[in-house]
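Subject: Structure handover

Hi,

Here is the structure for you to look over. My notes follow below it.

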Amino acid sequence: MSTSAPRAAKRARPGSDGPLLLTQRRIWIIFAALIAGMLLSSLDQTIVSTAMPTIVGDLGGVAHQAWITTGYLLASTIVMPIYGKFGDVLGRRNLFLVAIALFTLASLGCALSTGFWQFVVFRALQGLGGGGLMILSQAIIADIVPASERGKYLGPLGAIFGLSAVGGPLLGGFFVDHMTWHWAFWINIPVGIAAFAVAWFALTLPSKKASKRVDVLGVALLSATTACLVFFTEFGGNRQHGWGAPETWAWGAGFVVAAALFVLTEARAADPIIPLSFFRNRTFVTATAIGFVLGLGMFAAIGFVPTFLQMASGTSAAVSGLLMLPMMVGLMGTSIFSGTRITKTGRYRMYPILGTIVVGLAMLGMTTLAAATPIWLICVYLFVFGAGLGLIMQVVVLVAQNAVAPEHVGTATSTNNYFREVGASLGVAVFGALFTSRLTDALTDVFTSAGGSASQAASASASIDPTQLARLPESVQDGIVNAYADSLSPVFWYLLPFIAVALVLALFIPQMRLADVAGMVARGEAVGGAEADELERAQREAGNGGAADAVGSPTGSVPAVRRDE
């Protein structure tokens with residue numbers, strides 16, 4: 001036994017409140033709980049994107065369909081820093097359980113919705129839970145796995161996204177084609193209950209108590225800043241308001257005021273929700289800026305491609321969802337590849353550079369999308385697009401986590417994701433408004449040309465879905481197909497400059513040494529590696545092995561292991 005084991009045994013003696021033993025077995029058990037939560041969130045996204053045209057058509061919200069995505073992204077963006085900071089201060093286990101429960105209950109509300117705006121509200125509530133699942137999973141992985149070894153865990157995560165990429169479209173398409181769209185949310189109930197149960201029994205993490213005053217004012221001002229910014233862009237890009245409307249600039253003024261007050265508050269807060277010191281860290285700033293700029297283009301592109309495939313290409317809901325599979329295959333492949341290589345070499349700088357170039361090429365190809373574009377070519381574009389994203393997304397989060405002190409890993413993770421989601425919210429709001437505005441005008445012209453009155457054309461445009469499209473005369477179908485194609489493809493031209501900015505930022509990202517100690521070990525909350533194995537073996541020899549390995553009821557007594565009860 002090494003000399004370090006007795007010291008660890010002294011800290012984690014039976015009956016003490018000693019550090020957690022991060023054996024490899026325990027790491028994989030905790031990781032299983034994270035997988036369950038991430039499956040819930042990722043499966044929902046692929047199911048909903050497939051069912052989106054039918055949902056907005058049934059609820060009469062085609063002209064406002066961007067709000068379904070914007071509402072979810074806005075809510076998840078607002079709570080990300082809250083989950084990240086509170087996780088650092090209070091521990092992450094209970095917050096993870098709250099996120100699962102909130103997401104599941106909001107899914108129930110979506111399934112029971114009878115009106116479009118009611119549905120948008122519950123979709124936003126889903127975002128409050130979904131934001132926690134994303135942030136807490138990434139932060140917990142940083143807690144239990146050193147940055148230098150984190151790449152090998154991308155394989156199981158990639159498998160989850162792959163399962164969602166295949167299962168989500170199949171389920172979403174089946175529900176839409178053979179049942180009702182409501183089942184896209186009913187399915188979350190049993191999955192959510194199962195995820196909650198797995199996390200309850202398997203997620204063993206240390207509990208904490210806040211030592212400083214919670215930055216409540218900072219939370220409120222950050223939420224106000226985010227909401228004002230998104231509403232400013234949403235109103236400006238909306239044809240009913242526009243950039244010259246006073247209400248648009250009222251939101252803009254609210255954003256400036258809230259942002260200024262937030263910065264002043266954070267400069268004086270004892271424990272700020274987003275420490276301003278982060279923005280003096282070149283590595284963190286560069287990685288976060290890449291995520292922000294990429295978010296502007298990424299979600300705007302992903303959010304409306306299934307709609308294009310269903311309406312412009314004439315495919316069913318199930319087929320259009322499966323046509324997104326090449327993108328997920330590309331993302332999984334390059335994510336696993338880059339993670340493995342980073343683990344072996346410790347070098348990450350080249351991957352964001354290469355990834356932004358690949359994403360730019362794919363988006364350039366998407367500017368040519370038309371009703372006559374072959375399905376196989378669309379799949380090629382999506383594969384290349386996903387491959388580029390896989391080289392960037394996980395890498396910039398890893399870089400941001402590695403650039404800060406271990407006690408700030410949750411806050412750094414949430415701040416990095418926050419700015420990426422702000423970019424996504426802006427992208428969906430602005431470019432979604434451009435798409436829906438062009439689409440509404442084009443669809444109105446189609447129905448008016450077919451002999452409908454202005455009111456009839458407006459009503460038909462607001463409720464068109466793939467099922468109704470198939471019942472229309474062929475000439476009208478052709479007009480609608482061309483309307484969707486002509487409305488979406490030009491949007492990609494507006495996204496290309498943002499990809500170019502991301503490339504410039506990637507060229508300046510510094511190369512740093514990756515930490516070889518997990519966050520919890522660095523903070524003194526856990527013992528890891530060979531030391532944990534030796535201590536576990538010593539406890540077993542003393543008759544306490546069962547307690548050291550316990551992962552059962554979180555209310556049980558567990559000597560030598562801190563539990564979040």
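Asn188 sits in helix H8, which covers residues 188–202. This is a predicted model. Asn188 is buried, at a relative accessible area of 1%; the cut-off for buried is under 20%. Its side chain makes a polar contact of 3.0 Å with the side chain of Ser107. Leaving out residues up to four places away in sequence, Asn188 touches Leu40, Asp44, Phe103, Thr104, Ser107 and Gln126.

**H4 against H8**

Phe103, Thr104 and Ser107 also belong to the H4 side of the contact between H4 and H8. The axes of these two helices lie 9 Å apart, at an angle of about 170 degrees. Angles over 145 degrees count as roughly antiparallel, and H4 and H8 are therefore roughly antiparallel to each other. Who meets whom? From H4 come Arg93, Phe96, Leu97, Ile100, Ala101, Phe103, Thr104, Ser107 and Leu108. From H8 come Asn188, Ile189, Gly192, Ala195, Phe196, Ala199 and Trp200. By class, that contact has 11 nonpolar, 4 polar and 1 charged residues.

**Arg93**

Arg93 is found in H4. Is Arg93 buried or exposed? Arg93 is buried, with a relative accessible area of 2%. A polar atom of its side chain lies 2.6 Å from the backbone oxygen of Trp200. Trp200 is among the H8 residues that meet H4.

**H4 against H5**

H4 spans residues 93–112 and H5 spans residues 116–144. Their axes come within 8 Å and cross at roughly 155 degrees. That makes H4 roughly antiparallel to H5. The crossing is left-handed. The H4 side includes Leu95, Phe96, Ala99, Ile100, Phe103 and Ser107. Among the H5 residues they meet are Phe119, Phe122, Arg123, Gln126, Gly129, Gly130, Leu133 and Ser137. The residues of this contact divide into 14 nonpolar, 7 polar and 1 charged.

Some H4 residues are in both contacts. Phe96, Ile100, Phe103 and Ser107 meet residues of H5 and also residues of H8. Gln126 of H5 takes part in the contact with H4, and Gln126 is touched by Asn188 as well.

**Whole protein**

The protein has 24 helices and 2 strands. Of its 565 residues, 58% are buried. Take the contacts with a separation of 6 or more: residues 24 or more positions apart account for 83% of them.

Best regards

Definitions and conventions: Residues numbered from 1 in each chain as written. Predicted model: local features only at pLDDT ≥ 70, side-chain atom pairs only at ≥ 80, totals over all residues. Heavy atoms only, no water. Axes fitted to C-alpha atoms, helices over the stretch in contact; angles between N-to-C directions. Helix = DSSP H or I, 4+ residues; strand = E, 2+ residues; numbered from the N terminus. Parallel < 35°, antiparallel > 145°, perpendicular 65-115°, else oblique. Left-handed = near helix turned anticlockwise from the far one by under 90°. Contact = heavy atoms within 4.5 Å. Nonpolar A, V, L, I, M, F, W, Y, C, P; charged D, E, K, R; others polar. Buried < 20%, exposed > 50% of the residue type's maximum accessible area, 1.4 Å probe, protein only. Polar contact = N/O pair within 3.5 Å; in protein donor to acceptor, adjacent residues only side chain to side chain.
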